[in-house]
Amino acid sequence: MGKTVMIVDDSASIRQVVGMTLRGAGYTVIEASDGKDALAKLNGARVNLVISDVNMPGMDGISFLKEFKARPEYRFTPVIMLTTEAGDAKKSAGREAGAKAWIIKPFQPNQMLDAVAKLMGP
Amino acid sequence: MSLSDALPTFLAEARGLLEEMEDSLRILKQIPSDTDAINALFRAAHTIKGSAGLFGLDVIVTFTHHAESVLDRVRDGLLPMDSVLITLFMDCRDHLENLIDAVERDESPDGPTLGQGAALVARLAHYLGSDLDAEPPPGVGAVPLVLEDPVVNLGRNGESDDDVWHLSLRFGPDVLRHGMDPLSFIHYLTKMGEIVHLFTLTDAIPPAAEMDPEQCYLGFEIRLRSEADKATLEGVFDFVREDSRIRILPPGSRLADFRKLMESLPEGVQRLGEILVGCGAITQRELEDVLDLQAGQSTDPPLLGEALVREQCIQPEVVAVALDRQQEVRKRQTQDARLLRVRADKLDLLIDQVGELVIASAALRVQSKETQDSVLMESIYEVARLVDEIRDSAMNLRMVEIGETFNRFRRVVRDVCKETGKDIELVVHGADTQLDKSVVERLSDPLTHLIRNAVDHGIESPAQRRAKGKPDQGQVRLNALHDAGSVLVEVSDDGGGLDRERILAKARERGVIPEDRELDDNAVWNLIFEPGFSTAHKVSNLSGRGVGMDVVRRDIDALRGSVEIESRPGEGTTFRIRLPLSLAIIDGFLVSVAGNDYVVPLDTVLECLELPATAQARGDDQLSLRGEILPLLRLTELFRLQGPRGRRRNVVVVHWAGRKAGLLVDDLKGQLQAVIKPLDSLFAGLPGVSGSTILGSGEVALVLDVSGLMDLALREETQSRTGSRSHNNGSRIHGLVQ
């Protein structure tokens, strides 16, 4: 059974590259442009992993993460946060909201695939 | 007496205790509340644990500890002894017996036994409840103890124990809540290498009633065979690091790698942490964590090395190696601090001036002799002695270790290997041999050439080597040593050796030697130093264009050195370069021939003797010295000297590179220090003469080049034998002396 990954980022190019890379690796990909869009698109859908940017217009990554984790069906779904700065205030906020995995931008598609593989298992 | 000698005692004792346990349990079956039996049971378990610990039998220690903890609670009245418990203890006793049997067979417990143990531990854990979390058994907090034995097990079963990583993973209780699945990480780990062994630690799982299904209670001990470095493996667990305890121990076999890497670190790296991170034994993150830990302990923080070992980041052996390295670097740096950099030209000026001083002092000595003033002479001899010492110290200033030059050749070998597809190791000996700096510098080119030749032509291709039953990897050896007042530098290879027939054919083809001449090996090998001589089948990029070997010879001649070749077919070739210790000032022996003064380098002089009247009368060109026949070189003839001859003739017996000869001279004038002045470039190529010097009297004397003279003599001899005597050498020297 194929696994589904959601990418939440306001940058269409990032969504495209991430989407392309993940689809190439055999994942189903849902793209969303910000937190609100993501929550709307989720709506009970089965998702195995979410990759989300932090800084986004509309609903930002941290708020999205909080709402996402609050939904019982997604409580155990891993989330990878995309961030430009390592170890800043955003990160600790994200940590409180339940984000454990971080990828620091800019990243190579392979780095992201590695991170996904670590969390998704076989 | 070693531990293994005491092992039988332990085994006997343990068996006795097991019997005691069985007896106690039998009593307890009848009377479950029998405190004596409970105490005996406890004591037996406790003793087994204690002595097993002494023998490093950690599986037994850990297992017994669990049993003991439960027994402790029974003893304290916290747990009633009932039939279920008695059965459990019976099983535990049997398991212990299995473990001890395994020790006796010098094996490690097999998989089923270990599984049985884990199951028993889980059963015991029910009786301990939350105590297990609150108070981890001593030595078990560092959980690998549980696993240590499977480790040994793998080793003893023939699988190499040394080349696997040991990963100790304790996932935090919240990892599942964060969407992290331990299984995915372990699965990901298989991308890094092969999981040789995996042991799941389930002893943290509470009784079902208390278990929170959302919590992770699992720990894993993993043995991974992987080429990855530590940082990469650590990276796998990036996302769970914060909540979990991840320990990664490098394979024991990496110790040697770490040592090598440590040696290649720049000298500036001298803090233990930096060294360990630099060689990849620990990661930056581990270092920071442990440093934090250290900083957290305000009173008496542990040493970094100890803390790292305690945190299971690294084996104590690696720390020991790193500490050694640290010491070494520090020592070297304090040595460096005592060094003074001096411009070479200042040094040269000093040596020049010392040279003048030596000459002036010699002149003074000559003049003082004429005054017949013994007090003056005594003072002057004292001054002369001091001048000698100053000369030696000054010359010493120029001495450098040859090793620095040698290191450059590693690169040469590597580069040539890359171009030729050969696998060759450069072995260096005597890198600390000291030689005059200018000699070392000027030696670099000829050595480079010889080494390139050895790699390119000397050593065969791996396929050819294999066909000859040699190891694929060839060897080029570079060797420097002091030998009888000179320095010997050898370049040898274990290749195919020189091809005598091919060299001879080539020499005949080129007309270097007449068709019918037979030559001994030495003469044949020396042919390769002829200009434009190359026997390489195909000209490669590196060598073989026939320029070079003659240049090598010329360079070495210019250093007043000599080069000889030893070669055995199929075994390899050795080029032996012999060099004078210094170019500037030598101890010499002054002789005169037909009114001209010559200096023979003293280190070549063996002895002096008067030419026997009979030999003189016959005009022999040989001399019998205590039964040994030496060629006799008549300097008057070699140099075409005409002048007043002394009444008596003397012979100076000289040696060079294992050959001996007698120099026929008129007068022996004794020892002196000769400051060598190079001849003008016009005369630089003269055979038999290596320079000039100014005597105390102000006269100029030529310094003889003994190796050149011997070659000259040899050539004259062979040429006279073949009847084509050459005249040019002698006349050129003749012109110079006039």
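The model is predicted. The contact draws 18 residues from chain A and 17 residues from chain B.

Polar and charged pairs also cross the interface. Four residue pairs are in polar contact between chain B and chain A, with both partners at pLDDT 80 or more. The salt-bridge count between the two chains is one. Its partners are A:Arg75 and B:Glu214. Their closest N and O atoms lie 2.3 Å apart.

Two helices of chain B each supply at least two residues of the side that touches chain A: H8 (182-189) and H9 (230-236). H8(B) provides the largest share, four residues. By residue class, the side of chain B that touches chain A divides into six nonpolar, five polar and six charged residues.

The chains were then considered one by one. Chain A has 122 residues, of which 52% are buried. Its secondary structure comprises five helices and five strands. Along the sequence these elements follow the pattern β-α-β-α-β-α-β-α-β-α. Of the contacts in chain A with a separation of 6 or more, 64% are between residues 24 or more positions apart. Chain A exposes about 5400 Å², and carbon and sulfur atoms supply 52% of this area.

Chain B has 738 residues, and buried residues make up 47% of them. It contains 26 helices and 21 strands. Among its contacts between residues at least 6 apart in sequence, 69% join residues at least 24 apart.

Over all chains, the search finds 40 salt bridges in the whole structure. Individual pairs within each chain are described next.

In chain A, A:Arg15 forms a salt bridge with A:Glu31. The closest N and O atoms of this pair are 3.7 Å apart.

In chain B, a salt bridge joins B:Arg26 to B:Asp23, with the closest N and O atoms 3.6 Å apart. Both residues lie in helix H1 (residues 3-30) of chain B. They are three residues apart, about one turn of the helix. B:Arg26 is partly exposed, at 45% relative accessibility. B:Asp23 is also partly exposed, at 41%. The pair takes part in a network of salt bridges. The network links B:Glu22, B:Asp23, B:Arg26, B:Arg93, B:Asp94 and B:Glu97.

Another salt bridge in chain B brings together the side chains of B:Arg626 and B:Glu607, at 2.6 Å from N to O. This pair links distant parts of the chain, 19 residues apart. B:Arg626 sits in the loop between strand S15 (622-625) and strand S16 (628-634) of chain B. B:Glu607 lies in strand S14 (residues 605-610) of chain B. With a relative accessibility of 67%, B:Arg626 counts as exposed, because the class begins over 50%. B:Glu607 is partly exposed, with a relative accessible area of 23%.

Note on methods. Residues are numbered from 1 along each chain as its sequence is written. Chains are lettered from A and ligands numbered from 1 in the order in which they are written. This is a predicted model: local features need pLDDT of at least 70, side-chain atom pairs count only at pLDDT 80 or more; totals for chains, interfaces and linings use all residues. Side-chain values use heavy atoms; hydrogens and water are left out. Contact means heavy atoms within 4.5 Å. A salt bridge is a side-chain nitrogen of Lys or Arg within 4 Å of a carboxyl oxygen of Asp or Glu. A polar contact is a pair of N or O atoms within 3.5 Å; within protein, one must be able to donate a hydrogen and the other to accept it, and residues adjacent in sequence count only if both atoms are side-chain atoms. Ala, Val, Leu, Ile, Met, Phe, Trp, Tyr, Cys and Pro count as nonpolar, Asp, Glu, Lys and Arg as charged, and the others, Gly among them, as polar. Buried means under 20% relative accessible area, exposed over 50%, partly exposed in between (1.4 Å probe, protein chains only). Accessible areas come from the Shrake-Rupley method with a 1.4 Å probe; for residues, only the protein chains shown count as cover.
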